[in-house]
Amino acid sequence: MKKGIEKELLSLPGTLPLLPVKDFVVFPYMVLPLFVNREKSIKSLEEALSKDRLIFLVAQKKVSEEDPSPKDLYRVGTVAVIMKMLKLPDGKVKILVQGLSKASIKEILQTTPYLLVKVENIKDPFLTEITLETEALMRTVREQLERIVSYGKLLSPDLMFILESVDDPGRLADLVASNLDLTVEKAQEILEILDPIERLKTLNELLGKEVQVLTMQAKIQSQAKEEITKTQREYFLREQMRAIRSELGEVDERTEEIRSLRQKIKKAKMPKEVEKEARRELERLEQMHPDAVEASMVRTYLNWLIDMPWSISTTDSLDLHQAKKVLDEDHYNLEKVKERILEYLSVHKLKEMMKGPILCFIGPPGVGKTSLGKSIARALGRKFVRISLGGIRDEAEIRGHRRTYVGALPGRIIQSIKQAGSNNPVFMMDEVDKIGIDFRGDPASALLEVLDPEQNNAFSDHYLNVPFDLSRVMFITTGNLTDPIPSALKDRMEVINLPGYTDQEKLKIARTFLLPRQIEENGIHPKNLEISDQAILQIISQYTQEAGLRNLERQLASICRKVARRVAEGLSAPSSARTGAVAKGKEEKTKINTKNLHQFLGPPPYLPSEEQKRNEVGVATGLAWTETGGETLQVEASTTPGKGSLILTGHLGEVMKESAQAALTYVRSKGKAYHIHPNALNNKEIHIHVPAGAIPKDGPSAGITMAVALFSALTGIPAKKEVAMTGEITLRGRVLPVGGLKEKALAALRNKIKIVIIPYLNQKDLADLPPYIRKKINFIPVKHMDEVLKIALAKKDRV
């Protein structure tokens with residue numbers, strides 16, 4: 001056969017019919033069968049058989065191409081001889097070919113009815129001798145092929161014997177490559193390498209990579225087999241243990257677990273549809289392998305259903321006098337809230353089955369919103385749970401995750417109900433005005449179902465996927481402002497405002513609650529400390545600046561710690577604080593008054609603002625309402641030569657800027673009535689400034705204050721220093737109502753202001769003010785700006 005091949009090689013014609021090969025590359029000396037069914041290919045075969053039985057085999061670049069053009073074929077292929085041909089009944093032709101030599105396409109002579117090409121024979125370079133490196137390379141290729149066979153690769157049994165007798169590097173490379181499952185691209189790359197040594201090196205690299213892949217595959221299969229063997233062994237051992245226990249009359253762990261869960265489901269007294277779901281999941285668990293991943297998920301789900309307080313509730317304490325006593329013990333004043341709780345108890349006493357109220361406490365930080373919830377729970381005799389909604393952005397925090405997710409859990413509502421252990425706790429949700437929203441959903445919208453009395457009797461958590469009755473829960477939400485709360489959510493809640501405390505109220509709270517608590521927490525005896533009312537009032541006014549009580553309690557705690565240190569070290573108090581008498585041992589009393597307060601707390605950070613000594617032109621006193629309580633604002637207006645423009649400074653917000661524009665327009669419209677020449681407005685630049693420029697300010701309530709300051713600056717009439725005002729102004733001069741009247745009144749009282757101008761429609765809010773504030777401040781309601789100017793401006797004769 002070898003001599004026949006060499007004879008064929010010597011007589012290769014220059015023109016041959018071309019047969020495209022789809023999904024493999026034919027190498028020289030390779031014998032393989034081919035199935036031909038394309039019309040062009042069959043005609044190429046017929047042409048070859050009619051002459052010298054030689055045909056040019058070239059691989060296609062794209063397997064999917066049914067009628068390849070010359071550009072879809074590689075340029076290098078193999079000249080082969082057709083050894084046998086057989087026509088099949090379905091029209092296909094089966095041939096047996098043997099590769100003879102590599103060749104390349106020089107020219108396409110025709111494309112129809114078959115491909116006819118002019119070829120050039122490619123011969124391997126002649127090697128005069130086999131070097132040691134080449135011999136080593138050939139041996140490495142044979143060894144790597146043996147390793148591939150050892151890993152289970154199916155190759156011809158005679159191949160290894162044939163390879164041992166091959167001493168030509170190029171032929172060895174072609175023979176090995178033809179027996180590997182190479183891609184068309186890789187096989188074509190090897191076929192086109194002319195240097196036999198380089199061809200063998202490239203093949204050696206491919207064999208090395210294949211050995212690594214087969215080694216890793218064998219390792220993975222071995223590990224998987226070991227794991228399966230281990231699992232099977234454990235399964236057989238468990239079955240044997242089960243059989244042994246059955247023979248001994250013992251109950252196995254799995255049966256005991258199922259029996260225990262069934263009893264717990266029965267004792268939980270679930271609603272019918274919930275119990276049906278629990279029993280269905282229990283039947284699924286019974287059919288599962290105990291070590292299955294899903295089995296642990298079902299167990300967790302069943303435990304959640306069992307632990308939920310479906311029928312467990314606390315009995316409300318319906319003694320109204322006792323409830324009022326508890327509320328008064330924990331909180332001073334807050335009459336509106338206490339009245340609302342007593343109303344709820346009264347109705348509950350008359351009607352046993354009723355829905356729980358949904359309250360929303362709105363007020364500045366530190367006014368006692370959260371502690372009030374605890375007191376309500378104590379007064380009602382209910383469990384108390386609390387969650388913070390501040391910063392929540394994921395809807396799943398409220399509704400829970402679906403059980404399809406790994407590590408899924410119920411939402412915080414269901415978790416807290418389980419933690420409470422009853423289905424009617426007092427449930428407090430803090431920071432309802434600070435809920436976020438992003439791509440994970442809208443938690444505020446999810447709360448609509450929770451806080452809607454018409455819907456929450458069948459609240460469905462995504463994890464439990466069964467309804468839970470929340471209608472008996474008393475929900476209390478808290479926040480600092482109502483504006484950030486979505487209107488749909490706000491509509492479902494009963495909003496109760498908790499304004500800040502007056503100085504006198506803070507004094508009483510400090511005496512009754514804060515100071516005794518700090519004395520106890522710092523381990524000192526009441527006899528060790530005596531602090532005067534004036535000292536506490538000084539702490540309130542000069543060491544804190546808040547509507548609530550947190551900083552006040554911190555300052556009192558600081559004093560108690562310093563007294564505790566004195567007692568612990570056995571040191572005597574400063575000479576100004578000595579009592580001159582020691583009660584017993586180290587129990588020396590420390591007296592604190594306004595004179596020695598700075599020794600314990602340092603210099604006061606908030607000094608009272610300097611009072612106006614006289615009425616000034618262009619300066620009016622306004623009242624503002626902030627998150628920390630009420631404040632006074634000195635609004636200043638001044639005119640300079642210019643073009644009639646308006647300058648606003650003091651870090652003012654958009655609403656406040658618009659109020660200034662409205663005030664200026666009103667002043668322009670009334671200029672003639674107040675003897676303001678039109679040129680005075682057109683030829684002057686008007687500057688309005690609100691001091692404390694680093695602090696942002698906004699809101700409409702400074703409208704009438706700006707108007708008074710403008711009138712004063714333009715007319716030269718000073719504004720009264722003892723008059724403060726608040727109210728929104730319109731272009732027609734009407735005075736509209738504003739909010740936060742109590743906080744603003746407190747600010748006026750702190751600054752010793754005797755007269756406060758308020759909008760006429762705010763008269764109703766005066767009823768909410770403590771009597772002593774109404775006695776000390778004269779509130780004058782007004783409907784129009786003309787009334788404000790008559791009250792706020794002094795007489796023309798200035799000092």
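The model is a predicted one, in which local features need pLDDT of at least 70 and side-chain atom pairs count only at pLDDT 80 or more, while totals for chains, interfaces and linings use all residues. Residues are numbered from 1 along each chain as its sequence is written, and side-chain values use heavy atoms, with hydrogens and water left out.

Helices (H or I, at least four residues) and strands (E, at least two) are DSSP runs, numbered from the N terminus. Helix α18 spans residues 503-521 and bends by about 50 degrees at Ala510, the bend being the angle between axes fitted to the seven residues ending there and the seven starting there. After α18 comes Gly523, with a positive phi near 75 degrees.

Turning to charged side chains, a search of the whole structure finds 40 salt bridges, each defined as a side-chain nitrogen of Lys or Arg within 4 Å of a carboxyl oxygen of Asp or Glu. One of them pairs Lys43 with Glu39, at 3.5 Å from N to O. These two residues are four apart in helix α2 (residues 39-49), so about one helical turn separates them. Lys43 counts as partly exposed because its relative accessibility is 30%, whereas Glu39, at 58%, counts as exposed.

A salt bridge also joins the side chains of Asp174 and Arg199, at 3.1 Å from N to O. This pair links distant parts of the chain, with Asp174 in helix α5 (residues 169-178) and Arg199 in helix α7 (residues 196-248), 25 residues apart. Both Asp174 and Arg199 are buried.

Glu395 and Arg399 form a further salt bridge, their closest N and O atoms lying 3.1 Å apart. Here Glu395 is partly exposed, with a relative accessible area of 25%, and Arg399 is buried, with a relative accessible area of 15%.

Terms used: Buried means under 20% relative accessible area, exposed over 50%, partly exposed in between (1.4 Å probe, protein chains only).
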